[in-house]
Amino acid sequence: MTTDQRDGRRAAAAADREEAERFVRQFAGESGMGDGALQARLTAVRREMAETGSYRHTPEELAFGAKVAWRNSARCIGRLYWQSLRVRDRRHVTDPADVAAECLAHLRAATNGGRVRPVITVFPQDDAEGPPVLIWNEQLIRYAGYPLFEGGCTGDPRGHGLTELATKLGWEGAGGRFDVLPLIIETRGNGLQWFGVPPGDVLEVPLSHPALPWFADLGLRWHAVPAISHMRLRIGGVSYSAAPFNGWYMGTEIGVRNLCDADRYDILPEVGRRLGLDTTSARTLWRDQALVEVNRAVLHSFDAAGVTIADHHTESARFLRHVAREETAGRACPADWSWIVPPMSGGLTPVYHRYYDEHRPRPDFCLDDDARLRAQGLAPGERSPYGGAAVVRRGEPAWCSGPGPRGRPSP
């Protein structure tokens, strides 16, 4: 749209001055910046905003803002270790192949040989023309979904829309149950392009059960790193629409939501049958029994493979430690009860039995309707072929990584 003629820089998307100054003051307060340095930084930010409409974060501000965005994530139970987030500043990367390469480097860094560590990779901030980079995938690793002529789906039904889009772009899936989808990258002037994810960059765990030998015959597996890639990072009035981030999985995210939701892999009927349970009535609680065994298998398998995973009881206790730390630091701890309480045995966890602060401070991560549509392979304004707009279900990763707890809409 416009170019700043004074220094040749492209005009940035307008940032809110008050929010920018609040963030700079917050950064100064929590980082120990002296008053003189704070005033100098505020002066520089005001000058840059007057010239371009926005401003550029220093590397230190970016790292701080990303960590605080995790700390502020009301739907994430795994925030105790927010200060350990590794921030990869890739704001200079705009070429689609380079964006894809950095996403793969992110996966390798996060996987860390199975000792999964929290990582975020931040691409260029939005400017007056919009986001320079967009990642259409909701997670860097998702499985394809192939609808069957007679109904149903091979693979993950959640991945059907992006599978269809990737196929139109030229990708050829193998038609299996766990085919890793390619990365769909959109950059300014280049449109949509797909980039395959090499098997060596995806650590997957085959699932078995400690007491049920037949469980391994189900051929189930899941990937180790839940890297959310379609949420927007907002820091001090500046938006980064491409900023994939990850924590580690909580077992129920895989063992309840991904594998057992009726609109996902829906394995409970088969597990119940193999367990010899009476599946003719909900009152036999066969689903509950089968669900426990699936989750035992997930935790057992990740532990046997040496891959980081949390169980819902331990993670709940850790979250309350986080809340206590935040209160000691004089900060409120925002939390959405319906996401914090695990989707299995919620009443047995300590997070169930209390209320939480529901305000939404910034910096933060947000998910807008356009991002939800893109994750289904739909351009903004398109409608789902199933007769509606974006279908959103709650669901996954332990730190606001994706589909969250219990079962309604999720990123």
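Mentor: Start with helix 1 and helix 3, which are roughly perpendicular to each other. Keep in mind that this is a predicted model.

Trainee: What angle do helix 1 and helix 3 pack at, and how far apart are their axes?
Mentor: The angle is about 90°, and the axes are 11 Å apart. That angle falls within 65 to 115 degrees, so the pair counts as roughly perpendicular.

Trainee: Which residues meet there?
Mentor: From helix 1, Phe23, Val24, Gln26, Phe27 and Glu30. They meet Glu60, Glu61, Phe64, Gly65, Val68 and Arg71 of helix 3.

Trainee: Where does the charged end of arginine 71 sit?
Mentor: Over the ring of tryptophan 82, 4.7 Å from the ring centre.

Trainee: Switching to rings. How many aromatic pairs are there?
Mentor: Twelve in the structure. Take tyrosine 81 and tryptophan 248: their ring centres are 5.8 Å apart and the planes are at 50°.

Trainee: Why is that pair called tilted?
Mentor: Stacked needs under 30 degrees and edge-to-face needs over 60, so 50° makes the pair tilted.

Trainee: Where do the two residues lie in the chain?
Mentor: Tyrosine 81 is in the loop between helix 3 (59-71) and strand 1 (86-89). Tryptophan 248 is in the loop between strand 13 (245-246) and helix 6 (251-260). So the pair ties together parts 167 residues apart in sequence.

Trainee: Is tryptophan 248 buried or exposed?
Mentor: Buried, with a relative accessible area of 13%. Tyrosine 81 counts as partly exposed, at 31%.

Trainee: Last topic, confidence. What's the mean pLDDT?
Mentor: It is 91 for the chain, and 90% of the residues reach 70 or more.

Trainee: Where does pLDDT stay under 50?
Mentor: Over residues 1-11, and over residues 386-411. The model has 22 contacts beyond four places in sequence for residues 1-11, and 117 for residues 386-411.

Note on methods
Residues numbered from 1 in each chain as written. Predicted model: local features only at pLDDT ≥ 70, side-chain atom pairs only at ≥ 80, totals over all residues. Heavy atoms only, no water. pLDDT = per-residue confidence, 0-100. Contact = heavy atoms within 4.5 Å. Phe/Tyr/Trp six-rings, centres within 6.5 Å; stacked < 30°, edge-to-face > 60°. Helix = DSSP H or I, 4+ residues; strand = E, 2+ residues; numbered from the N terminus. Buried < 20%, exposed > 50% of the residue type's maximum accessible area, 1.4 Å probe, protein only. Lys NZ or Arg CZ within 6 Å of the ring centre and 35° of its normal. Axes fitted to C-alpha atoms, helices over the stretch in contact; angles between N-to-C directions. Parallel < 35°, antiparallel > 145°, perpendicular 65-115°, else oblique.
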